[in-house]
Amino acid sequence: MQNVFRTLDKVRPFYDVVYKVVLVVCKLLLIADILITSFAVLGRYVPFIPDPSWSEEVVLTLMSYMAVLSAALAIRRGAHIRMTAFDPYLPKMAVKALDILADAAVMALAFIMLVVGWQYTSTLGSVGFYVSMPWLSRFWMYFPVPLAGIAMIIFELEALYGHIKSICVKEADA
């Protein structure tokens with residue numbers, strides 16, 4: 001059994017790379033949000049700087065990417081809000097079972113985000129356009145949902161693996 005876990009542990013660098021890529025994307029989106037918002041505010045108050053009509057829609061779209069992708073990052077760090085007040089009073093196996101149940105529920109949500117989000121992205125998103133940028137498809141406004149679904153699935157697989165490994169492998173054996 002430990003050979004199986006040793007083999008599966010070799011996949012960990014993949015999760016590290018995905019985490020770092022998503023983190024860098026979130027940082028770049030935040031920088032773009034700050035720059036665009038600053039430019040738009042300056043455009044309203046400084047006469048020689050133009051106020052771009054597209055800034056609000058772009059900032060909101062970038063924020064939606066950051067919101068759902070950072071939620072996926074929180075899965076990996078175990079930083080989501082969760083009820084742990086009763087954990088010290090429950091048997092350790094019950095806590096681990098509840099962790100697995102919670103991860104399974106989040107995994108189900110991730111699959112729903114992927115499937116339904118892609119349906120919206122490919123149907124409704126592909127026919128609409130941004131008001132201030134009629135040349136840009138609303139596909140990009142809906143795309144964060146299935147993208148975050150993929151990231152959540154990847155990080156939930158790692159979390160589930162960690163919980164199952166903690167049940168099957170004793171700390172002294174690891």
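Reader: Which residues are buried in H2?

Author: This is a predicted model, in which local features need pLDDT of at least 70 and side-chain atom pairs count only at pLDDT 80 or more, while totals for chains, interfaces and linings use all residues. Residues are numbered from 1 along each chain as its sequence is written, and side-chain values use heavy atoms, with hydrogens and water left out. Helices (H or I, at least four residues) and strands (E, at least two) are DSSP runs numbered from the N terminus; buried means under 20% relative accessible area, exposed over 50%, and partly exposed in between, with a 1.4 Å probe and protein chains only. The buried residues of H2 are Tyr15, Val18, Tyr19, Val22, Cys26, Leu29, Asp33, Ile36, Ala40 and Gly43.

Reader: What covers the buried residues of H2?

Author: Contact here means heavy atoms within 4.5 Å. What covers the buried residues of H2 includes H3 and H7.

Reader: What distance does H2 reach from its first C-alpha to its last?

Author: H2 has 34 residues. The expected span of a helix is 1.5 Å times one less than its number of residues, which for H2 is 50 Å. The helix lies close to that expectation, with a reach of 50 Å.

Reader: Which residues are linked in a network of salt bridges?

Author: A salt bridge is a side-chain nitrogen of Lys or Arg within 4 Å of a carboxyl oxygen of Asp or Glu, and the structure holds six. Asp16 and Arg76 meet in one of them at 2.5 Å, N to O; this pair joins helix H2 (residues 12-45) to helix H3 (residues 55-77) across 60 residues. Arg76 and Glu158 also meet at 2.5 Å, N to O, linking H3 to helix H7 (residues 144-168), 82 residues apart. The network comprises Arg12, Asp16, Arg76 and Glu158.

Reader: Is Glu158 buried or exposed?

Author: The relative accessible area of Glu158 is 10%, whereas Asp16 has 27% and is partly exposed. By the cut-off of under 20%, Glu158 is therefore buried.

Reader: Which residue meets Arg138 in a salt bridge?

Author: Arg138 lies in the loop between helix H5 (124-127) and helix H6 (139-142), and its partner lies in H3, 81 residues apart. The N to O distance is 4.0 Å, and the partner is Glu57.

Reader: How many disulfides does the structure hold?

Author: A disulfide is a pair of cysteine sulfur atoms within 2.5 Å. Cys26 is buried at 9% relative accessibility, and Cys168 is partly exposed at 37%. The number of disulfides is zero.
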